[in-house]
Amino acid sequence: MVTEIQKRDGRIVSFDESKVLNAVGRAMRDSGHSDAGDATRVGDAFHQIALTWADGSVPRADEVQSAVEKALEKSGFADVAKAYALYRADRTRAREKDSALMHVFDEITTRDARDSDLKRDNANVDGDTAMGTMLQYGATAAKEYNEKFLLRPEQAKAYREGDIHIHDFDFYALTMTCCQIDLQKLFHGGFSTGHGFLREPNDIRSYGALACIAIQSNQNDQHGGQSIAQFDRGIAPGVAKTFAKRLRVDLAEALDLLSPEGAPRPDAEALKAVFAGAEATSGGKPALARSEAFDGAVVAALESDGVAAPVAEKAMAWARRQAEKETDEATYQSMEALIHNLNTMHSRAGAQTPFSSINYGTDTTPEGRMVVKNLLLTTEKGLGHGETPIFPIQIFRVKDGVNYNPGDPNYDLFQLACRVSSKRLFPNFSFVDAPFNISYYKPGHPETEVSYMGCRTRVMANVHDRDREISPGRGNLSFTSINLPRLAIEAHGDEAKFFRSLDKMLALVAQQLLDRFEIQANRKVKNFPFLMGQGVWLDSDRLHWNDPVREVIKHGTLSIGFIGLAEVLVALYGHHHGESPEMQEKGLAIVRHIREFCDSMAAKTKLNWTCLATPAEGLSGRFIRMDKKRYGIIPGVTDRDYYTNSFHVPVHYKISAIDKIRIEAPYHALTNAGHITYVELDGDMARNVKAFEAIIRAMHDAGIGYGSVNHPVDRDPVCGYNGVIGDTCPRCGRRESDELIKFERIRRITGYLVGTLDRFNDAKRAEEHDRVKHGLSGNASDRA
Amino acid sequence: MPPTGPSASAPGPDAGKPERVLRLAGFDRDDIVDGPGLRCVVFVQGCPHHCPGCQNPQTWAFEGGEEVTPSELFRRIEDTVLDTGVTFSGGEPFAQADALADLARMLRPRYDVACYTGYLFEALLAKSERDEGTRRLLESIDILVDGPFVEARKDRMLLFRGSANQRILDVPASLAARAAVWTTDPGWVGEDGAARAG
């Protein structure tokens, strides 16, 4: 006789047969069998089965339920058995629904990030820390809620089943993606972080510190990256202010030292009036670019105050040299602090360093140049122990006539940028001269120079306000990516069918983005205390605390992304766009189709719809895992652990650098929401900067919008050597396999640098592993 | 590839004569580790030195590899578009001096041409008195990295060299001086001229 059963959660409780019989009765009634005698017969049948269980055995709940089904069938109630089975399945699903979330919480709580792909989904979050774990609980619960309450059924289905990916889905109801910050505007007159007012900075050190605070504060209002559109122009006034102050103080010191006993020696305070007067009479300024008129006016004023002419002149000349040197040093220290800060400060629930980016390179003033020179030098030097800085993502803006060719005023900075990037992987390079970027460019209006968000996002066109096709104060609102390879697999080689299903998917995504826009539009200024409250977002300074942000976020973009163009082409036609010009035409036709859809939506809605070459972190593995399960292994399509990034030529395909650049360039013109091209080179890039510059120049000339070079950067933490390390450190000869301390290996993942491979998710690890360094075949004969 | 007759060869310095053929162990493009800038590397098949610790022992045998004419190689090099230098490696390039000299003459002055060798410059200079191929190859290259790989003097911090005994020579200057002259090109020896990585 059975007296106990085991429940689903493992507990053993006493067995109550009447509960089973009651459930049977309910199922019978629901199926229209209301005769109590029937129920009794089924009960007897169940009892017979139960007798076969060994004495003292403890059946599991699901075994009992199977016995009930069998009893129903035996008694001639197959229809009730079916209803009962359905009821059970439904109950199971409901139970799983409740517990799935708890299981995920369990994984988040108990497993090391190393063993959990879920916890490494975002390489920038350390899933092993308290705050990282808390962030993951929140994100998981929010996704659950958003899917159940905010998506339409067809959207939820498409999202759940991997037809589409809604990026930053945990933030669905809360905020927009990213913003290009205009530092000059923000600093003008000072700003507030919500916990106190910060005066307009007056020194290069404060400029650097406040730039970090601006990024951190804005990061708390948005889930995506934070970028400074014009870093050099934003920080340059700090250099100017520091120089003016140092010039005055140094002049006072020199006068004190040089003036004979008893002669007049105005101190720094007294020189304030002298400087102000000299500015007024000469029209010049105490600036790095020496104004003879100003210096002359100061000397003249000193003479009229009784300072001997030779003393005044000598003091002024020394003060200028000294002030320039001191300002240069202070700028270096400020940039060093900025980089350290951006790699250590936390935001986003305290679990992540902000996703910071800075654009620079075209300011030709001595102050702006001093900023960029020192920023690059400190980046080259690395962090405290020479480590490669992960943040900020630096973007050197290349422009013909400004910094691209010998003789251009900032050509030296471009060369320095190449040298630094060949050692540190940053800066990346953006190209104002690319046809689709130069069309917005207005000389004398730096805000019309393209800015990129580190990982690739780009916002330029503005159908909402044609007069403001600029980058500062704007950003992406939200983006959703389409699993293109799946559409291609399902089309079974039928091109027309592929485009038909693509159109359907585009319509679905457009509706979803509009739905999300509605949610965002109804948020109020107070929901974004810094972004909107401090006027960082374009036109938000015209709104009040309780105003909805609808009108101003129309400056932002709604973007439709895609992944795996290469796999699409293989699935549809058997080859990808790296392999033949015909496939390149097919690839361009597909991406052009998406772009044209976006353009038509923009015309229809007067919102900025753009086409995105999706950065694929997390996503690259998610889609293909699902598709593998669904379709099995299809050679060239689902036979790897990741789908290829956007329009990239597959990383495992051998191709020369120039061919990769030329094949990918036309897609940059189509993907107006953002794009990036990488060239992979093997070897210690820092030993061959000339080769690095050749690649960047080829990108510029081919019409690439944004690009970078991937190359290995390793570091031995023991001796500090930075370069390429195999198993043995070239400098100290230490072998990795002999000791506990591993070499650090910096690699790039969807635009962000990661210090070790540990935080890569599985798909990204596989992708890194497969990367073919273009053109290098070891010693094998290369017949390609 | 079949042996190439006159009809298949591009017009070269010896137009009309059948082209010489190179025995190739490998060809790399967009290389950044065998000289400054982006380069093509021509690995020849066959080497008499057999240095202990050699990175490419599969190139020792004088049989095997791929037979290719200089003009075919020239076409492959041109296809890279970006590459501005060519490095001869191997194998021992001076074991196939004639064919490589033909290639180098097609390449210059558009490409800078560098050559690794297990011989010393002084020995090659002496040999060039009696050997036409050696003389022609020396006269057609810009840079010579000379000397065998000596495992005991291996040093990974060296720029573009395997062991510290090897020298990076400015060939036109060395020929003019009739003695080995180090290059001063910062691309080869670094901004500080130390020929070592920092």
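Predicted model: local features only at pLDDT ≥ 70, side-chain atom pairs only at ≥ 80, totals over all residues.
Figure 1. Leu425(A) counts as buried because it has 25 C-beta neighbours inside 10 Å, the cut-off for a buried residue being 20 or more.

**Figure 2. Two loops of chain B, one with Pro109(B) and one with Val81(B).** Pro109(B) has its place in the loop between α2 (97-107) and β5 (112-116) of chain B, and the peptide bond that joins Arg108(B) to Pro109(B) is cis, with omega about 5°. The other loop, between α1 (70-79) and β4 (85-89) of chain B, contains Val81(B), which has a positive phi of about 65° although it is not a glycine. With 17 other C-beta atoms within 10 Å, Val81(B) is partly exposed.

**Figure 3. Strand β4(B) and the strands paired with it, β2(B) and β5(B).** Five of the five residues of β4(B) are buried, so this strand is largely enclosed by the rest of the structure. Gly85(B), Thr87(B) and Ser89(B) point one way from β4(B), whereas Val86(B) and Phe88(B) point the other way, and all are buried. Strand β2 (residues 39-44) of chain B pairs with β4(B) in the parallel sense over five bridges, and within this strand pair the bridge partner of Phe43(B) is Ser89(B) of β4(B). Strands β4(B) and β5(B) also run parallel and are joined by four bridges, with Phe88(B) having Cys115(B) of β5(B) as its bridge partner. Together with α2(B), the strands β4(B) and β5(B) make a right-handed β-α-β unit.

**Figure 4. The parallel pair of β14(A) and β15(A) with the crossover through α23 of chain A.** Strand β14 (residues 677-680) of chain A pairs with strand β15 (residues 706-710) of chain A in the parallel sense, over four bridges, and the bridge partner of Glu680(A) in β15(A) is Asn710(A).

**Figure 5. The contact between chain B and chain A.** The contact takes 26 residues from chain B and 24 residues from chain A. On the side of chain B that touches chain A, strand β1 (residues 22-31) of chain B gives the most, with eight residues. By class, this side of chain B has 13 nonpolar, seven polar and six charged residues.

Figure 6. Chain B has six helices and seven strands, and from the N terminus on its elements run β-β-β-α-β-α-β-α-α-β-β-α-α. The radius of gyration of chain B is 16 Å, close to the 16 Å that the globule rule gives for 198 residues, so chain B is as compact as a globular protein of that length. Along its principal axes the C-alpha trace of chain B spans about 50 × 35 × 30 Å, and buried residues make up 47% of the 198 residues in the chain. Among contacts in chain B between residues at least 6 apart in sequence, 66% join residues at least 24 apart.

How values were computed
Residues numbered from 1 in each chain as written. Chains lettered and ligands numbered in written order. Contact = placed C-beta atoms within 7 Å. Nonpolar A, V, L, I, M, F, W, Y, C, P; charged D, E, K, R; others polar. Buried ≥ 20, exposed ≤ 12 C-beta atoms within 10 Å, placed from the backbone. Pairing = 2+ DSSP bridges. Right-handed = clockwise from strand over helix to strand, strands pointing away. Rg over C-alpha atoms; globule rule 2.2 N^0.38 Å.
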